[in-house]
Amino acid sequence: MSPGTARTATRGPLPLVLAGARGHGRWHLENIRRLQQAGRVRLVGICELAPLTGAELDGLGEPAQSADFAGLLDATGAAVAVICTPIPTHADLAVAAAARGVHLLLEKPPAPSYAAFRRITDAVAAGGVACQVGFQSLGSHAVPAIRALVAEGAVGEPTGVGAAGAWARDEAYYRRAPWAGRRRLDGVDVVDGVLTNPLAHAVATALAVDGSTRAEDITRVDTELFRANAIESDDTSFVGITTARGGRVGVAATLCAERPDEPYVIVHGTRGRITFWYKQDRVLVQRAGHGPEEVLHGRTDLLENLVGHLAGDAELLVPPASTGAFMKVVEAVRTAPDPLPLPAEAWRGVPGEREGVRRRVVHGIDGLVTASADTLCGYAELGAFWALPGTPGPALSTAHSPTAETPPR
């Protein structure tokens with residue numbers, strides 16, 4: 001196939017290859033099964049180190065299986081590839097697919113560095129293929145609804161957007177793969193931190209609700225990165241983002257919550273606020289002169305949207321360009337000093353959900369995350385003793401002013 005020639009299917013379901021069918025990939029496998037039963041796609045190949053069993057493939061026929069992604073694309077003639085593999089592999093696999101004219105659903109985060117992200121976007125453009133980035137929350141119908149409410153002045157003049165994510169992950173979570181909890185592995189960027197992977201949706205959704213999604217939409221990123229667990233990456237962090245319009249977006253997140261809860265985004269205005277629990281598609285509007293209004297919105301599946309886009313029936317919901325601002329945040333986290341370990345008096349060990357497995361809890365972190373979303377302040381400004389200068393070292397508040405190109409570290 002000549003460069004720039006994308007594969008299309010004129011009739012019938014689109015032939016599809018899934019790279020990474022275990023772990024989070026199981027969710028994609030179930031979604032593909034649903035769309036295959038609906039006649040939208042046909043699973044023709046699975047790229048995994050160990051082949052899937054017949055039970056795992058129930059209802060999906062007998063797709064080809066191989067650990068050679070490029071060879072699998074060539075052998076099957078796939079028109080679409082879903083990539084749900086370790087973060088450091090995303091760029092190479094996406095480039096291989098784009099070079100063969102194969103359209104993409106690329107799991108978040110799209111890449112561990114801005115340079116790798118640019119590799120992907122350049123390859124997608126050269127291949128003439130469609131690429132959807134897997135921020136499922138951005139398929140929520142709540143996002144455009146909130147943007148419309150803000151535009152019509154429902155909460156007055158917007159004053160900023162906050163986001164809160166208080167989740168829990170036990171110590172076994174960081175043993176699930178060699179790259180888990182790493183900033184880099186064998187000299188290759190990974191950046192598997194709380195803001196860039198498990199709660200990346202909080203960052204991307206806050207930016208989308210603010211209308212600041214492209215790389216040029218943000219001018220400064222300040223980071224506070226900490227870790228309670230014995231890992232390289234951050235598990236308790238804050239990022240403050242200044243937008244090109246002069247606005248402010250603040251995201252506080254932890255994997256060491258006392259009582260894990262649903263993550264959410266808040267739009268603050270001069271006459272009210274809008275809270276969006278993005279995993280639930282639930283929106284609460286509170287404004288002067290009105291009673292609280294709660295609405296449950298629908299959601300468009302991103303693979304289904306990609307298939308519809310290829311048929312000419314829909315606009316792509318999450319093209320790479322709309323994740324450029326998120327990738328500038330990833331780059332700020334990547335180039336920041338390594339996260340500071342929290343002192344022993346800042347956290348405690350508690351039993352995890354699984355017998356014999358423990359997790360670490362940061363004292364008072366739930367309240368700090370909530371307060372941050374309310375005020376757009378970081379942990380140091382909120383007075384967390386472990387974030388203040390000299391405890392346990394200089395406060396991490398690293399400013400990063402995005403440029404068109406940030407050289408790889």
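Predicted model: local features only at pLDDT ≥ 70, side-chain atom pairs only at ≥ 80, totals over all residues.
Residues are numbered from 1 along each chain as its sequence is written, and side-chain values use heavy atoms, without hydrogens and water.

**Exercise 1.** Determine whether R360 is buried or exposed, and find the partners of its side chain.

Solution. 
- Locate R360: strand β19, residues 358-362. Strands (E, at least two residues) are DSSP runs, numbered from the N terminus.
- Check accessibility. R360 has a relative accessible area of 18%. Buried means under 20%, exposed over 50%, partly exposed in between (1.4 Å probe, protein chains only). R360 is therefore buried.
- Find the partners. The R360 side chain makes a polar contact with the E171 side chain at 3.1 Å. Such a contact is a pair of N or O atoms within 3.5 Å; within protein, one must be able to donate a hydrogen and the other to accept it, and residues adjacent in sequence count only if both atoms are side-chain atoms. The R360 side chain also reaches the backbone oxygen of A228 at 2.8 Å.

**Exercise 2.** State how accessible V285 is, and list its contacts beyond four places in sequence.

Solution. 
- V285 lies in strand β15, residues 282-287.
- Its relative accessibility is 6%, so V285 counts as buried.
- Contacts (heavy atoms within 4.5 Å) include L149, R273 and I274.

**Exercise 3.** Give the strand order of the six-stranded open sheet.

Solution. 
- The order is β3-β2-β1-β4-β5-β6, with parallel pairing. Two strands pair if DSSP finds at least two bridges between them.
- The edges are β3 (64-66) and β6 (131-134), each pairing on one side only.

Definitions and conventions
Helix = DSSP H or I, 4+ residues; strand = E, 2+ residues; numbered from the N terminus.
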